[in-house]
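Hi,

Here is the structure I promised to pass on. Have a look at it first, and my notes follow below.

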Amino acid sequence: LLGLYERLIKVLSIQIYFIKIMKTIKQTKTFEVGQIAYCNGGCTMQLPTFYKVVKRTDKTVWLQEIADQLIEHDGYGQRGRKIPVDIPRGAVFNKRVKNWKDPKYSGGKDQEFAYIKYWGIVEPWDGTAKYYDSMD
């Protein structure tokens, strides 16, 4: 039991180190092949979903959902923070690329995004652990 506890502490300290490194990554403004993107889906819940960009053209991005992992939680796995794990989880699909600076979207920041109907907005991942809350 003590050995298991020590291994768990080691894994958690590695994950915390990973989070500190990832916080230094800046969010890019465009989708790029090989990059990780995320969508914070859910209406009353926070359900981050991570995707890998597998192909890109001027107007379209091809995405594939990848696995994620809770790195901290409330003890029950209902709330916490998630990071992506580069393990494919679904089929490749494509979405139209849009930009917030377009006057149609109020001329906001120069940031590309894609929209998944009934789920949410997909943007390039900024490298930080995303808040997860499955409590409705």
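**What I found**

Cys43 sits in the loop that links strand 1 (36-41) and strand 2 (47-56); strands here are DSSP runs (E, at least two residues), numbered from the N terminus. Before you go on: this is a predicted model, where local features need pLDDT of at least 70 and side-chain atom pairs count only at pLDDT 80 or more, while totals for chains, interfaces and linings use all residues. Residues are numbered from 1 along each chain as its sequence is written, and side-chain values use heavy atoms, with hydrogens and water left out.

Cys43 counts as exposed because its relative accessibility is 78% (exposed is over 50%, buried under 20%, partly exposed in between, with a 1.4 Å probe and protein chains only). Its C-alpha atom is 9.4 Å from that of Tyr118, 75 residues away along the chain.

Eight strands form an open sheet in the order 5-6-7-1-2-3-4-8, with antiparallel pairing (two strands pair if DSSP finds at least two bridges between them). Strand 5 (98-99) and strand 8 (130-133) are at the edges with a single partner strand each, so one side of each has no neighbour in the sheet. Strand 8 runs antiparallel to strand 4 (residues 79-96), joined by four bridges, and Lys82 lies opposite Lys130 of strand 8.

Last, the contacts of one residue. Leaving out residues up to four places away in sequence, Val61 touches several others, including Phe31, Val53, Phe93 and Ala114 (contact means heavy atoms within 4.5 Å).

Cheers
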